[in-house]
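Have the sequence and the model open while you read.

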Amino acid sequence: MSFGSGRIWMNGTFVDWADAKIHVAAHVVHYGSGVFEGARCYDTPKGAACFRLDAHIRRLYDSAKIYRMECDVGPAALHAAVLDTIRHNGYQACYIRPLMYRGYHTLGVNPFSCPIDVAILVWEWGAYLGEDALEDGVDVQVSSWGRGAPNRFPSLSKATANYANSQLIKMESVLHGYAEGIALDPMGFLSEGSGQNLFLVRDGVIATPPIGTSTLAGITRDVVITIARDLGFTVREELLPREALYIADEVFFTGTAAEITPIRSVDKITIGSGRRGPVTEAIQRRFFDIINGRAPDTHGWLTYVYPEAERPAAAEAAAGTP
């Protein structure tokens with residue numbers, strides 16, 4: 001199955017993809033009143049495993065709390081529903097999109113009378129910026145669109161409304177012939193990509209913008225910091241000016257969709273050798289070894305989808321074997 005097929009979990013019921021509909025007067029359509037997550041399930045030798053699912057579920061509820069969205073479905077129930085949705089669709093590997101949004105009741109900026117609806121989508125999704133990008137890297141630009149000030153939009157909430165800004169960054173970069181854009185914060189310091197966190201390497205030291213730079217507290221960002229320190233690298237969270245990009249030895253994006261993607265040029269200035277650098281490669285290798293089950297999951301990041309006795313049958317079902 002792929003995007004546009006399979007079954008979607010909506011408010012506790014599975015519906016066909018084509019029937020997963022909301023009303024045109026739903027509050028979220030008019031005012032962007034929704035929060036969401038993006039997680040991945042990987043096919044490992046021990047079966048399908050969700051990566052950092054607990055952390056993603058917690059961030060979803062944090063996002064909802066910031067926007068005063070009180071959901072009747074608790075975190076434990078939603079966690080179980082995610083696993084049920086993957087099983088129901090027979091996936092061994094997939095992208096996971098839990099979503100909470102204010103539904104249909106009345107229209108007006110005040111959202112309190114509108115119900116909180118919940119949905120879970122899963123689909124097959126490969127490398128976000130292309131398979132070759134994981135090794136060859138991508139070309140990006142510093143966007144003319146910056147991130148909002150902390151007292152304008154809460155960056156710690158992964159809210160649908162925040163991604164109107166991300167769309168502007170992404171569209172501008174694509175129209176200019178780049179794979180992605182990098183946004184600056186309101187003070188002019190580096191923030192993040194349209195949907196990725198940002199890391200720079202110089203003289204073997206890794207730096208990333210702090211959360212206070214209108215940056216989402218990325219879960220893959222946290223994983224990379226942990227892996228890098230496990231490998232013996234120094235990691236600093238610090239304010240970084242735009243020009244730090246140009247003189248870095250390596251630059252890379254992180255994110256659930258992008259995973260760990262090297263950046264080979266910024267504003268047509270070549271970064272390092274113009275391809276994936278050794279620090280990026282070392283972190284990337286450890287990351288993929290963990291999520292693919294080739295290295296021990298010492299941090300407890302994997303949640304297996306199918307009970308051990310069911311894993312072979314689930315693999316056959318996903319492959320279409322009768």
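Glu 281 is partly exposed, with a relative accessible area of 28%. This is a predicted model, where local features need pLDDT of at least 70, side-chain atom pairs count only at pLDDT 80 or more, and totals for chains, interfaces and linings use all residues. Residues are numbered from 1 along each chain as its sequence is written, and side-chain values use heavy atoms, with hydrogens and water left out.

Q: In which helix is Glu 281 found?
A: Helices (H or I, at least four residues) and strands (E, at least two) are DSSP runs, numbered from the N terminus. The run that holds Glu 281 covers residues 278-291. That run is helix α8.

Q: How many Å apart in space are Glu 281 and Leu 200, C-alpha to C-alpha?
A: In sequence, Glu 281 and Leu 200 are 81 residues apart. In space, their C-alpha to C-alpha separation is 13 Å.

Q: Is Thr 254 buried or exposed?
A: Buried means under 20% relative accessible area, exposed over 50%, partly exposed in between (1.4 Å probe, protein chains only). Thr 254 lies in strand β14, residues 250-255. Its relative accessibility is 1%, so Thr 254 counts as buried.

Q: Which residues is Thr 254 in contact with, leaving aside its neighbours within four places in sequence?
A: Contact means heavy atoms within 4.5 Å. With those neighbours left aside, the partners of Thr 254 are Gln 196, Asn 197, Phe 199, Thr 220, Arg 221, Val 224, Glu 259 and Ile 260.

Q: Are α6 and α8 roughly parallel or roughly perpendicular to each other?
A: Axes are lines fitted to C-alpha atoms, for helices over the stretch in contact, and angles run from 0 to 180 degrees between N-to-C directions. The axes of α6 (residues 219-230) and α8 come within 10 Å and cross at roughly 110°. Angles under 35 degrees count as roughly parallel, over 145 as roughly antiparallel, 65 to 115 as roughly perpendicular and the rest as oblique. So α6 and α8 are roughly perpendicular.

Q: How many nonpolar residues has the contact of α6 with α8?
A: Thr 220, Val 223, Val 224, Ile 227 and Ala 228 in α6 meet Ile 283, Arg 286, Phe 287 and Ile 290 in α8. By class, one residue of this contact is polar, one is charged, and the nonpolar ones number seven. Ala, Val, Leu, Ile, Met, Phe, Trp, Tyr, Cys and Pro count as nonpolar, Asp, Glu, Lys and Arg as charged, and the others, Gly among them, as polar. The nonpolar count is seven.

Q: How are α2 and α3 placed to each other?
A: Helix α2 (residues 53-66) packs against helix α3 (residues 75-89) with axes 10 Å apart. The angle is about 130°. Therefore α2 and α3 are oblique.

Q: Which residue in β5 does Cys 41 stand opposite?
A: Two strands pair if DSSP finds at least two bridges between them. β4 and β5 (residues 47-51) pair in the antiparallel sense over four bridges. They form a hairpin with two residues between them. Opposite Cys 41 stands Cys 50.

Q: Which residue in β6 is the bridge partner of Arg 40?
A: β4 (residues 39-44) has five of its six residues buried. Its antiparallel pairing with β6 (residues 94-102) runs over three bridges. The partner of Arg 40 is Tyr 95.

Q: Which residue takes a positive phi in the hairpin of β1 and β2?
A: Four bridges join β1 (residues 7-10) to β2 (residues 13-16), and the strands run antiparallel. Ile 8 has Val 15 as its bridge partner. The hairpin has two residues between the strands, and the positive phi, near 50°, belongs to Asn 11.
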